[in-house]
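I am opening a notebook page on this model. I want to look up charge pairs, the sheet and a few single side chains.

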Amino acid sequence: MYIIAGLGNPGREYEKTRHNAGFEVIDRLAAKLEVSNWEKKHKALAGKAMYAGEKLLLLKPQTYMNLSGESLLSAAAFYRVTPDHILVISDDIDLAEGRLRIRKSGSAGGHNGLKSIISNLGSGDFIRVRVGVGSKPAGWDLADYVLGRAKGEDAEKMEQAYRDAAEAVLSILEEGVDRTMNKVNRKEQG
């Protein structure tokens, strides 16, 4: 079983913001997997699916970003899922808008949602799919930027990134993380 969690903040005021990139990717993934049986469990909206012979639990933590780890810890403990079978999708201001980067493990890199997950799981050994939202423009407050919405051409770029990230998750399940990392991360360098 894999737990696939997209990070974001619940509530209408946060819908479609850069910080909710993880929720957006989970929505694209759920559409591809025809998940419609969402339940409130593990401090999250949770949906189940099967893909490539694996049971999947899709999660959209409803704890707000800084407490995302509470939701993942609850689900991981309940289903007895180890960190190497947890995949987390988050926004990343250090990647250009629309870019993707996949890692098998690592630090939080300043991301409070990832920091919470590492703290709660006691491990950074989970797969991350990072969706670039670009760095904040000069003179902007970081919170205002990540809680803002992309517009026009930038919104189209982000929509493509959400679809590409959903495909990357499916590729990880089918082909493995190493092969998918090589494909996606190499493409992003070019």
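I searched the whole structure for salt bridges and found 12. I counted a salt bridge when a side-chain nitrogen of Lys or Arg was within 4 Å of a carboxyl oxygen of Asp or Glu. This is a predicted model, so local features need pLDDT of at least 70, side-chain atom pairs count only at pLDDT 80 or more, and totals for chains, interfaces and linings use all residues. Residues are numbered from 1 along each chain as its sequence is written, and side-chain values use heavy atoms, with hydrogens and water left out.

**Entry 1: salt bridges**

I started with Arg28 and Glu24. Their side chains meet in a salt bridge at 2.9 Å, N to O. Both residues lie in helix H1, 4 residues apart, about one turn of the helix. I took helices (H or I, at least four residues) and strands (E, at least two) as DSSP runs, numbered from the N terminus.

Are Arg28 and Glu24 buried or exposed? Arg28 is buried, and Glu24 is buried too. My cut-offs are under 20% relative accessible area for buried, over 50% for exposed, and partly exposed in between (1.4 Å probe, protein chains only).

Next I looked at Glu159 and Arg163. Their side chains form a salt bridge at 3.3 Å, N to O. The two sit 4 residues apart in helix H5 (residues 152-175), so about one helical turn separates them. Glu159 is partly exposed at 24% relative accessible area. Arg163 is also partly exposed, at 39%.

I then checked Arg179. It forms a salt bridge with Glu175, with the closest N and O atoms 3.8 Å apart. Arg179 has 55% relative accessibility, so it counts as exposed. Glu175 is partly exposed at 36%.

Which residues are linked in a network of salt bridges? I listed Lys16, Glu24, Arg28, Glu159 and Arg163. I noted the general point as well: side chains of opposite charge can pair when their charged atoms come close.

**Entry 2: the sheet**

I traced an open sheet of 7 strands, in the order E2-E3-E4-E1-E5-E7-E6, with mixed pairing. The edge strands are E2 (39-41) and E6 (100-103), and each pairs on one side only. The twist averages 30° from one strand to the next. I called two strands paired if DSSP finds at least two bridges between them.

Strand E1 (residues 2-6) runs parallel to strand E4 (residues 54-61), and 4 bridges join them. Ile4 has Leu58 in E4 as its bridge partner.

I looked at what packs on this sheet. Helix H1 (residues 21-32) touches E1, E4, strand E5 (86-92) and E7, and its direction makes about 140° with that of E4. Helix H3 (residues 112-121) touches E5 and E7, and its direction makes about 155° with that of E5. Contact here means heavy atoms within 4.5 Å. Axes are lines fitted to C-alpha atoms, for helices over the stretch in contact, and angles run from 0 to 180 degrees between N-to-C directions.

Then I took the hairpins. E2 and strand E3 (residues 44-51) pair in the antiparallel sense over 3 bridges. Glu39 stands opposite Ala46 in E3. This hairpin has 2 residues between the strands, and His42 takes a positive phi near 55°.

E3 and E4 also pair in the antiparallel sense, over 8 bridges. Gly47 has Leu58 in E4 as its bridge partner. The E3 and E4 hairpin has 2 residues between its strands, and Ala52 in the turn has a positive phi of about 50°.

**Entry 3: Arg128**

I found Arg128 in strand E7 (residues 127-132).

The Arg128 side chain does reach the backbone oxygen of Gly106, at 2.9 Å. Not counting residues up to four places away in sequence, Arg128 touches several residues, among them Val88, Arg101, Ser105 and Leu114.

Key: Polar contact = N/O pair within 3.5 Å; in protein donor to acceptor, adjacent residues only side chain to side chain.
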